[in-house]
Amino acid sequence: MGGRAGRAVVTAAALLTIGQAHCDLAYPNDEGLAGRHCELSPTATGAMLRDLSGGLGTFVRIPPATERPLRPGDRVRLGQHVMQVETLG
């Protein structure tokens, strides 16, 4: 997004972790992310997002430590990154 280089992450696993370290998708230099910032669980219609940031925030406007369903095309801001959910099918 925003003219920056991006990458696609495809998973068939039950859970995709995103954060600063020891995650499936890690951004070690992003101080706006917690070590384990959030989890994405694929669903039949998109994904379920669970915030684990400890108050740093996962911005689709969800309260900390809760889940929210995501649909294809939804964008999520984590630290300095914007991610878009798409399904392959």
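Hi everyone, thanks for having me. Please keep in mind that what we have here is a predicted model.

Let's start with the overall picture. As for contacts between residues at least 6 apart in sequence, 25% of them join residues at least 24 apart.

Now let's zoom in on strand E1, residues 16-19. Here is some background first: in a regular strand, side chains alternate between the two faces of the sheet. Are the two faces of E1 covered or open? Both are covered. Leu16 and Ile18 are buried on one side, and Thr17 and Gly19 are buried on the other.

Which strands sit beside E1? One partner is E3, which pairs with E1 in the antiparallel sense over three bridges. Within that pairing, Leu16 has Leu40 of E3 as its bridge partner. Another partner is E2, residues 25-26, and this pairing is parallel, with two bridges. There, Gly19 stands opposite Ala26.

Let's stay with Ile18 for a moment. Which residues does it touch, once we leave aside its neighbours within four places in sequence? The list is Cys23, Leu25, Tyr27, Arg36, His37, Cys38, Leu40, Leu78 and Met83.

Ile18 also brings us to the core. The largest nonpolar core has 14 residues, and Ile18 is among those with the most contacts inside it, together with Tyr27, Leu40, Leu49, Leu70, Leu78 and Met83. Strands E1, E3, E4 and E6 each supply at least two residues of this core. As a general point, nonpolar side chains in soluble globular proteins tend to be buried together.

Finally, let's look at a residue outside the strands. Where is Ala44? You'll find Ala44 in the loop between strand E3, residues 38-43, and strand E4, residues 46-51. Is Ala44 buried or exposed? Its relative accessible area is 84%, and exposed means over 50%, so Ala44 counts as exposed. If you look for Arg71, that residue is 27 places from Ala44 in sequence, and their C-alpha atoms are 9.7 Å apart in space.

That's my tour, and I'm happy to take questions.

Notes
Residues are numbered from 1 along each chain as its sequence is written. This is a predicted model: local features need pLDDT of at least 70, side-chain atom pairs count only at pLDDT 80 or more; totals for chains, interfaces and linings use all residues. Side-chain values use heavy atoms; hydrogens and water are left out. Helices (H or I, at least four residues) and strands (E, at least two) are DSSP runs, numbered from the N terminus. Buried means under 20% relative accessible area, exposed over 50%, partly exposed in between (1.4 Å probe, protein chains only). Two strands pair if DSSP finds at least two bridges between them. A nonpolar core is a set of buried Ala, Val, Leu, Ile, Met, Phe, Trp, Tyr and Cys residues joined through side-chain atoms within 4.5 Å. Contact means heavy atoms within 4.5 Å.
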